[in-house]
Amino acid sequence: MRALLIYDGRSPVFRRAMAAFTRGTDLRPVPWESRPVQRFLEAQFGGQPFAFLLVEGDVVHAGSETVTRALQRRFDGDLPDRLAAVYPRTAEPFGRLFHGRAPADLDGTFDLEPEAVARLDPLRREGTIPVTDEADAGR
């Protein structure tokens, strides 16, 4: 089962970057704003926090935990830990500048709520959530 990397997919640049980053890994990028992700967030957190999340097995990682675990799939050494250490100080200004809003104050690892597990099925099925949209296909 592939891990789900939930990110802000409104920008074509971020969709392309996420597709490139996850290529050849066990990560499946899914846009935060998609309806199935919103249903999952509601079941997991009781709302729809704007956050960078990684769903692995029966847990969901948020914030610096997501950064560390996602980067460990791409890079050896201490780079993932170093970038994760910077995340708490840079997440808010980066989010406001590039996403138009600060990420939710979520950090750490959380057990999946039973209702949230049921919401993951459509996200885990291949072909359900496109990484790019039709407007990007010709570029």
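**Ground rules.** I number residues from 1 along each chain as its sequence is written, and side-chain values use heavy atoms, without hydrogens or water. As the model is predicted, local features need pLDDT of at least 70 and side-chain atom pairs 80 or more, while totals for chains, interfaces and linings use all residues.

**Asp8.** I looked up Asp8 and found it in the loop between β1 (3–7) and α1 (12–22); helices (H or I, at least four residues) and strands (E, at least two) are DSSP runs, numbered from the N terminus. Asp8 counts as buried, at 8% relative accessibility (buried is under 20%, exposed over 50%, partly exposed in between, with a 1.4 Å probe and protein chains only). Which side chains does Asp8 reach by polar contact? Its side chain contacts that of Arg10 at 2.7 Å and that of His99 at 2.6 Å. A polar contact is a pair of N or O atoms within 3.5 Å, one able to donate a hydrogen and the other to accept it, and residues adjacent in sequence count only if both atoms are side-chain atoms.

**Negative patch.** Next I checked Glu42, which sits in helix α2 (residues 35–45) and is partly exposed at 37% relative accessible area. Glu42 gathers with Asp58, Asp111, Glu113 and Glu115 in a surface patch of negative charge. Patch residues have over 30% relative accessible area and no salt bridge, with like charges joined within 9 Å and nonpolar side chains (Val, Leu, Ile, Met, Phe, Trp, Tyr) within 5 Å; a salt bridge is a Lys or Arg side-chain nitrogen within 4 Å of an Asp or Glu carboxyl oxygen.

**Nonpolar patch.** Phe75, Leu79 and Leu83 make a nonpolar surface patch of about 230 Å². I placed Phe75 in the loop between α3 (64–72) and α4 (79–99), partly exposed at 36%.

Conventions
Accessible areas come from the Shrake-Rupley method with a 1.4 Å probe; for residues, only the protein chains shown count as cover. Lys and Arg count as positive and Asp and Glu as negative; His and the chain ends are not counted. The place of a charge is taken as NZ of Lys, CZ of Arg, CG of Asp or CD of Glu.
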